[in-house]
Amino acid sequence: MAAEYVVAHVDDLPSGTHKVLQVAAREIGVFNVAGRYYALPSNCLHQNGPLCRGSVSGTVEASAEAGWKPTWVREGEIIICPWHTMEFDIITGRCLAEPRRRIPTYEVTVVNSEIRVSIP
Amino acid sequence: MSEIRDSTLEGRAPKKLPKDVKVIDVDVHAHETPAALIPHCELPWRKSLEVVSKVPERYLDIPFFAPQMAVWSPPFPQSGSERRQIVTSASQMRQDLDQLGIDVGVIFPDNLLLLAALRDADYATAIARAYNRWLIDEWLGEDNGIKGAIVAPSQNPVAAAEEIRRYASHKHVAAIYLPSCCVEPLYGHRSYDPIYEAAQETDLPVMLHSVTAIFPVFPFNLNCFSTMFSAHIVSHGLSMVANLLSMMETGVPARYPKLRIGFSESGLAWVPWIMMRMDKEYKERRRELPFLTDLPSTYVRQMFFATQPIEEPENMKEMATIMSLFGGEHSVMFASDWPHHDFDHPNKVLQIPVSQETQRNILRENALRFLNMKERA
């Protein structure tokens, strides 16, 4: 059964920032991406590195629609593992290099200005 | 009693060839001398070929035409460099392929394996055009299973694209040959986009094919080795590796999703190695290759690989394992490289213990898809 944990007050997690916390004997990352909150386990599926201790960033994409021009996109939505720079989508947990794999995402709610993460 | 004549293939038909499979061989070689191309070559380069035609010819090594430059190691009698087994006509090729148990053969050149070494773009382009005319006129005139790969001169990709469009509708043109020996820049360079556009548009596959040379471009700067043993391994295998990496860098398989890309004359064992190395590196450096939307191995699994010169471990089951690592059941195509010194008789590939279906794929079905050939009537 999922347990809910209060991880921060909204004032402590402004837009564009994230925190790494120890919650329920595990390390997690809590993110404020443009006013919305997300949480991920701090475990990279590559070599089990401390994913959320890495930097939040954007990434580079190139598509036929954009004339195959490398473009900087999704600033603030990508977490980069500090060990081998593997990229993950903060919103979905999807691994950018291995799109069929993802890490779990935790449900986040805000109650009375408290950010709560639900951990299974 | 009958005398065995000069064919070394006579009476040596493949032993275990399934009777109902008509074998496609994606790499056989026609011998184009400079003299043969003279009437097909435009001026002023015809004049150059007239000079070149008087230069003594060594095996895959003619100054000004096929500059192999691998003349630093000692030769031995009947070694690779002295042997000179050539096929000079379509009828001879047909006869040889019959004796090899092969139904369809795709012609690649002999000397023009070194075309990319030529530094004068206009000269190289004229020779490529002359070769294509010669190929069409002298080799592809009959419905006898002889197919051809037209050569794309790397020195002039726009002209190469014109050649592709000129000949694509010819019923016996089956592929586009990308000269990979000494090519610079490597085949991922954006300057080659016209070639890939034309190939995708005309639905012809591109086939990379290298050969041995010592030349000051990677991976042919082989002055560090003392034997043809080493030079031959590096010239073929690492050329495929280098060009595949280059094509990945600029996202060729992503940017041309319908383009069929084949790799020839490097065997198979390199494929899982480079595929796994690319996947490993990609995880760390994905942003350098933003054109790809998946692991490099995903694209490698869409590419095609010719068998020859097949690795020969004592237990050929190892080759079945190696193929399984990159989905080779659906992408490996038989190639003999006839009549070159290191040709593979079908007997060798038939020693790989795979299912009948996979054997059939390797001998025919995968090549049918690669070449987009309809069943022969």
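Reader: What makes both faces of strand 5 (residues 206-209) of chain B covered?

Author: This is a predicted model. B:Val206 and B:Leu208 lie on one side of the strand, B:Met207 and B:His209 on the other. A residue is buried if 20 or more other C-beta atoms lie within 10 Å of its own. All four residues are buried, and both faces are covered.

Reader: How do you know that strand 4 of chain B and strand 5 of chain B pair?

Author: Pairing needs at least two bridges. These strands have four, in the parallel sense. B:Ile176, for one, has B:Val206 in strand 5 of chain B as its bridge partner.

Reader: What is the phi of B:Leu60?

Author: Phi of B:Leu60 is near 50°, a positive value in a residue other than glycine. Most residues other than glycine have a negative phi.

Reader: Where is B:Asp337 found, and is it buried or exposed?

Author: B:Asp337 sits in the loop between strand 8 (332-333) and helix 12 (346-349) of chain B. With 22 C-beta neighbours inside 10 Å, B:Asp337 counts as buried. Its phi is near 65°, a positive value in a residue other than glycine.

Reader: Which peptide bond to B:Pro44 do you call cis or trans, and on what omega?

Author: The bond from B:Leu43 to B:Pro44 is cis, with omega near 5°. B:Pro44 is placed in the loop between helix 1 (34-37) and helix 2 (45-52) of chain B. The bond from B:Glu184 to B:Pro185 is cis too, with omega near 0°. B:Pro185 belongs to the loop between strand 4 (173-179) and helix 6 (193-202) of chain B. Most peptide bonds are trans.

Reader: How do you know that the span of helix 4 (residues 121-139) of chain B agrees with its number of residues?

Author: The helix has 19 residues, which at 1.5 Å a residue should span 27 Å. Its end C-alpha atoms are 26 Å apart, so the two agree.

Reader: Which residues of helix 4 of chain B are buried?

Author: The buried residues include B:Ala124, B:Ile127, B:Tyr131, B:Leu135 and B:Trp139. B:Arg129 and B:Asn132 are also among them.

Reader: What makes the sheet of strands 5-6-7 in chain A open?

Author: Strand 5 (55-61) and strand 7 (87-89) of chain A each pair on one side only. The three strands pair antiparallel. Neighbouring strands are turned by 60° against each other on average, direction ignored.

Reader: How many bridges join strand 6 (residues 71-80) of chain A to strand 7 of chain A?

Author: Three, and the strands run antiparallel. At least two bridges are needed for pairing. A:Ile78 stands opposite A:Asp89 in strand 7 of chain A.

Reader: What makes up the contact of chain B with chain A?

Author: Twelve residues of chain B are in contact with 15 residues of chain A. Helix 9 (residues 270-285) of chain B gives the largest share of the chain B side, three residues. That side divides into four nonpolar, two polar and six charged residues.

Reader: What confidence does the predictor give?

Author: The complex has an ipTM of 0.91 and a pTM of 0.95. Chain B has a mean pLDDT of 94, and 96% of its residues reach 70 or more.

Conventions. Residues are numbered from 1 along each chain as its sequence is written. Chains are lettered from A and ligands numbered from 1 in the order in which they are written. This is a predicted model: local features need pLDDT of at least 70, side-chain atom pairs count only at pLDDT 80 or more; totals for chains, interfaces and linings use all residues. Two residues are in contact if their C-beta atoms, placed from the backbone, lie within 7 Å. Helices (H or I, at least four residues) and strands (E, at least two) are DSSP runs, numbered from the N terminus. Ala, Val, Leu, Ile, Met, Phe, Trp, Tyr, Cys and Pro count as nonpolar, Asp, Glu, Lys and Arg as charged, and the others, Gly among them, as polar. The expected span of a helix is 1.5 Å times one less than its number of residues. A residue is buried if 20 or more other C-beta atoms lie within 10 Å of its own, exposed if 12 or fewer, and partly exposed in between; C-beta atoms are placed from the backbone. pLDDT is the predictor's confidence in each residue, from 0 to 100. Axes are lines fitted to C-alpha atoms, for helices over the stretch in contact, and angles run from 0 to 180 degrees between N-to-C directions.
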